[in-house]
Amino acid sequence: MARNNHIFSLDIGTSKIRVIIGEVYNGSLNIVGVGTADTSGMSKGKIVNQEQVARSIQAAVQNAERMVDLVIDSVYLSINGSHIGLQSAKRGYGFGRDVEISDNEIDKVLKVAKLVNLPTEREIIDIIPNCYIVDGVDNILDPRGMIGGSLEVDATLITGQTTHIQNLIGCVKRANLKILGLALAPIGAGELVLSEDEKQMGTILVDIGAGSTSIGIFKNGRLLSTSVLPIGGELVTNDISICLDVDRETAEKLKLKFGCALVEDAEKDQVFRIKTRLDNREREASQVELADIIEPRVEEMLLYILKEIGEQEFDTEGFGFVLTGGTVLLPGIVKHAQYVLGTPVRIAAPQFIGVKDASFTTSVGVIAYVSKYIRSRKIDSTAPTIRTSSPDRSLPPQDASKKKGNVFDKIVEWFREIFD
Ligand SMILES: Nc1ncnc2c1ncn2[C@@H]1O[C@H](COP(=O)(O)OP(=O)(O)OP(=O)(O)O)[C@@H](O)[C@H]1O
Ligand SMILES: [Mg+2]
């Protein structure tokens, strides 16, 4: 099978690793392969054991490769975390004469926009152009083909803490995969499940996973802020395990089979038998009893999310909520969220066969984001791009750190790249 139309994404979640194979054919995107594996070595969205995570990645890759006649040796990787920061950058340069703007000028202006002074412990993950300005004319989405003497870009720079980024990259390299680029999880997810209208009018996208919850706030077509909280479905499983006195595995199974986020929606006739850990006693429990445990924890998580949103410096009054991530598969969660958040809420999931599940939103979102970018820029999907990663990404971590000079060296290097 030819591989040049294929895009591979990797999402390292607290409970599951997901590898997705996307194929762009005649301009439209399809998902042609999926590989998942249980994750070891992660806690609350953070890496705690690189070797275990690397082995989990390899298992997911092998499962994906089994589905299609392809070797997966390079991936686009989703990245997230409370260390992520967004900042605006509006920069440009003059050509000295009128020229027809091409990908070349766009690449250069994006590099110019990356010339910011960052603390040594932070680095740029990605740059998202919001619009371009040609000879002072604003709000141009695609300046290619226009004639002008200067080009500016109004962009959002995504930065992250170097140690976090290198730890993530280290796991992927240990799994013998090359990284073609990094994609910020809420941007990928937003690309996949939010409409242009939602992103324009104001929408809060909340991905409730197993160990972390990611919040992306969109307005005027762009991501305004992102934050990650160390809460998710694992807390619900823990509560069930403690309250019913069963092991975590049993608690997880009970949650998936009988769980309900609202007592008023639970069926008292829905009963099941459990064996308690302490005295090895068998007894009957009901869905209402289970919902009694789940409801307060879900409410607490929703209030925590609301508090986090309230702490942003901009007004989110009237913004809609879109929920995604594995935990939103819990029956009754939409109604519960509507009560607590006081606004209509919808659940979003990918609409491709084989991945129609809210826990796949980020991994499929990365494919959607990369494919849209690649389509619009008409470049080979296997080629690394300047928007998604720095050239250091293909080096082992120790080499990458060796390449780092001081800020002045970096600036000189960038200028050389831009104007050579
Ligand atoms: N049908 C279901 N009902 C209730 N909870 C579910 C259901 N399916 C999955 N979950 C829960 O969703 C969580 C997994 O979600 P997801 O796969 O989005 O997380 P992750 O990406 O592995 O982790 P994170 O994003 O937090 O790092 C688990 O806690 C799991 O129990
Ligand atoms: Mg996740």
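**Note on aromatic pairs, a pocket and a hairpin**

1. At 17% relative accessibility, Phe95 counts as buried, because the cut-off for that class is under 20%. This value, like the others below, comes from a predicted model. Tyr93 has a relative accessibility of 14% and so is also classed as buried.

2. How many aromatic pairs does a search of the whole structure find? The search gives 2. In one of them, the ring centres of Tyr93 and Phe95 are 5.3 Å apart and the planes stand at 85 degrees, so this pair is edge-to-face. The angle is over 60 degrees, which is what the edge-to-face class requires.

3. Phe258 and Phe272 also form an aromatic pair, and this one is stacked, with 4.4 Å from centre to centre and 15 degrees between the planes. Phe258 belongs to helix H7 (residues 248-258) and Phe272 to strand E15 (residues 271-275), so the pair ties together parts that are 14 residues apart in sequence. Are these two residues buried or exposed? Phe258 counts as buried at 12% relative accessibility, and Phe272 counts as buried at 7%.

4. A further contact with a ring involves a charged residue. Arg18 lies over the face of Phe360, at 5.0 Å from the ring centre.

5. The second largest pocket has a volume of about 970 Å³. Its lining is made up of 30 residues, and the closest to the pocket centre are Ile128, Pro129, Asn130, Leu141 and Lys372. Which elements give two or more residues to this lining? They are the strands E8 (122-134), E10 (147-161) and E14 (222-229), together with the helices H4 (185-193), H5 (196-201) and H10 (361-377). By class, the lining of the second largest pocket has 14 nonpolar, 9 charged and 7 polar residues.

6. Strand E14, one of the elements that line the second largest pocket, is mostly covered, with 6 of its 8 residues buried. E14 runs antiparallel to strand E13 (residues 213-219), and 7 bridges join the two strands. Among the details of this pairing, Phe218 has Leu223 in E14 as its bridge partner.

7. What lies between the strands in the hairpin of E13 and E14? The hairpin has 2 residues between the strands, and Asn220 takes a positive phi near 55 degrees.

Notes: Residues numbered from 1 in each chain as written. Chains lettered and ligands numbered in written order. Predicted model: local features only at pLDDT ≥ 70, side-chain atom pairs only at ≥ 80, totals over all residues. Heavy atoms only, no water. 1 Å grid on protein atoms, 1.4 Å probe; cavity = no way out; pocket = protein on both sides within 12 Å on 5 of 7 lines; lining within 4 Å. Points joined across faces, edges and corners; volume = space filled by probe spheres on them. Helix = DSSP H or I, 4+ residues; strand = E, 2+ residues; numbered from the N terminus. Nonpolar A, V, L, I, M, F, W, Y, C, P; charged D, E, K, R; others polar. Buried < 20%, exposed > 50% of the residue type's maximum accessible area, 1.4 Å probe, protein only. Pairing = 2+ DSSP bridges. Phe/Tyr/Trp six-rings, centres within 6.5 Å; stacked < 30°, edge-to-face > 60°. Lys NZ or Arg CZ within 6 Å of the ring centre and 35° of its normal.
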